[in-house]
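Visitor: Hi! Could you walk me through this one? I'm new to reading structures.

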Amino acid sequence: MKIKFLMIGLLGLSTATAFAQKGALKDAQESYDKYTVENSQKILAAKAKQDISDAKASIDKAAANDKTATMPQTYALVGAIYAATAAMDTTGTSAAAVTAAQEAIKKAKDADTKGDFKKLISDANSNLAIYFQAQGVKQYQTGKYELAYQSFDNWNQATGDTTAMYYSALSASNAGLTNPKFNAYAATDYTKLLSTNFSQNAKIYGYLSTLYIVTKDTSDALKTISAGVAKYPSNADLRGQEIKFYLMAGKDNDILGKLGSAVEADPKNKELCYYAGLAYTRVGDAMDAKAKKSKDAAAKSAAAKESADDYAKAAGYYKKALAIDPNYLDANINLGNIVMKPAIDLFNQANGLPSNATQKQYDDLRAQADAQFDLALPYLQKAVDLDPKNNAALTNLWNYYRGKYDKAHAADNKAKAAELKKQIDANPAKN
């Protein structure tokens, strides 16, 4: 009989122990539930902190016992409680709690086959997101972009939040400036964002194409920016970027068809007007070179005419840019150069006349050259006034005074040309 009573006593002790561990699990759940209510109210912040501390003490007991350690609820509560503990920490010293929460969340997802603790798992991920977001912001603001990328990526992994993915991409782009391997991470996140309904996707097309330019992937850069323009045709920034990238890639002819519509869509955009002028300038330069190399008279004439037409279109766009901003340096430089170009050609033609040419032929060509030189002067002088150390501007004005044929002011023009040459030679900046 004593043996029977002893066995009953032992069985009773065993059952009591099991209930005690389940009681710890219950206590952890109750303390956590109190915390979730209190944490939303600032006035109860201290109570919330105490309850999450109590919850942690209880769940640690449940997690240490073989009978409750592997229960889905235990894993879920470990994840939720440890994540909440990390989220409440403002010092950034909760790395161990974060790791424990991440491991527990994974185990909870695997163990909770019925989805009974889906809410707890969601809470855990939300609290981890709060922690990683706060850490990422601090790291980004202090220039620790690699760490910021990891924090924002962890936030994204916890919640699938597109804003988190956006911040991780921005961080990776900045980190890529010093550690190129992060460029691939940025490209991956930007590409994923474009498959979502993220509100900033128009910008993402621009960011991703710029990233491809930085990594010298011109083909993907052009494909991406063109896809962005196709999806957001009214976005002037994307249109301007597309034109700029095509120009950078030397694909001037490929972009000509889009220039007119781009400027028409955003007529007050001086840069668009400038880029349009630049494209037509470069196409005109190519045709001019072709005309000068051609030995066939008909082909030479056709190329020269096409070149002149391109230059005229370029001048029109530069003038549009200057109508918006008269102090636009590059537009003044390029317009002055285009207007002066025929004058230089006439100057060279006059000096290249055969020995049997008449004085009248020479004088006529020089008079035409002088008239054309004078049309360019306002833009040439304006460019130098805007930037007295710009070599392109100085060289253009120097060429004007070298080419201008004016007997009455010949000595003065020669002196001005000599002074400009001194400035060019003394200028260390090779613009």
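Predicted model: local features only at pLDDT ≥ 70, side-chain atom pairs only at ≥ 80, totals over all residues.

Visitor: OK, what's the average pLDDT of the protein chain?

Guide: The chain averages 85, and 87% of the residues score at least 70.

Visitor: Let's switch to helix shape. How far apart are the end C-alpha atoms of H5?

Guide: They're 34 Å apart. Helix H5 covers residues 118–141, which is 24 residues, and at 1.5 Å a residue it should span 34 Å, so the two values agree.

Visitor: And what follows H5?

Guide: Gly 143 does, and its phi is positive, near 80°.

Visitor: Which way does H3 run against H5, parallel or antiparallel?

Guide: Helix H3 (residues 72–88) packs on H5 at an angle of about 25°, with the axes 8 Å apart. Angles under 35 degrees count as roughly parallel, so H3 and H5 are roughly parallel to each other. H3 passes H5 in a left-handed crossing.

Visitor: Which residues meet there?

Guide: From H3, they include Ala 76, Gly 79, Ala 80 and Ala 83, and from H5 they include Leu 120, Ile 121, Ala 124 and Leu 128. By class, the contact of H3 with H5 has 13 nonpolar, 2 polar and no charged residues.

Visitor: What about H15 and H16, at what angle do they pack?

Guide: About 160°, with their axes 8 Å apart. H15 is residues 329–351 and H16 is residues 359–386. At that angle, H15 and H16 are therefore roughly antiparallel to each other. Their crossing is left-handed, and by class their contact has 21 nonpolar, 7 polar and 2 charged residues.

Visitor: One last pair. How do H17 and H18 cross?

Guide: The axes of H17 (residues 391–403) and H18 (residues 410–426) come within 8 Å and cross at roughly 155°. That makes H17 roughly antiparallel to H18. The crossing of H17 and H18 is left-handed.

Visitor: Which residues make that contact?

Guide: Among them are Leu 394, Leu 397, Trp 398 and Tyr 401 of H17, along with Ala 417, Leu 420, Lys 421 and Ile 424 of H18. By class, the contact of H17 with H18 has 7 nonpolar, 4 polar and 3 charged residues.

Methods:
Residues numbered from 1 in each chain as written. Heavy atoms only, no water. Axes fitted to C-alpha atoms, helices over the stretch in contact; angles between N-to-C directions. Helix = DSSP H or I, 4+ residues; strand = E, 2+ residues; numbered from the N terminus. Parallel < 35°, antiparallel > 145°, perpendicular 65-115°, else oblique. Left-handed = near helix turned anticlockwise from the far one by under 90°. Contact = heavy atoms within 4.5 Å. Nonpolar A, V, L, I, M, F, W, Y, C, P; charged D, E, K, R; others polar. pLDDT = per-residue confidence, 0-100. Expected span 1.5 Å × (residues − 1).
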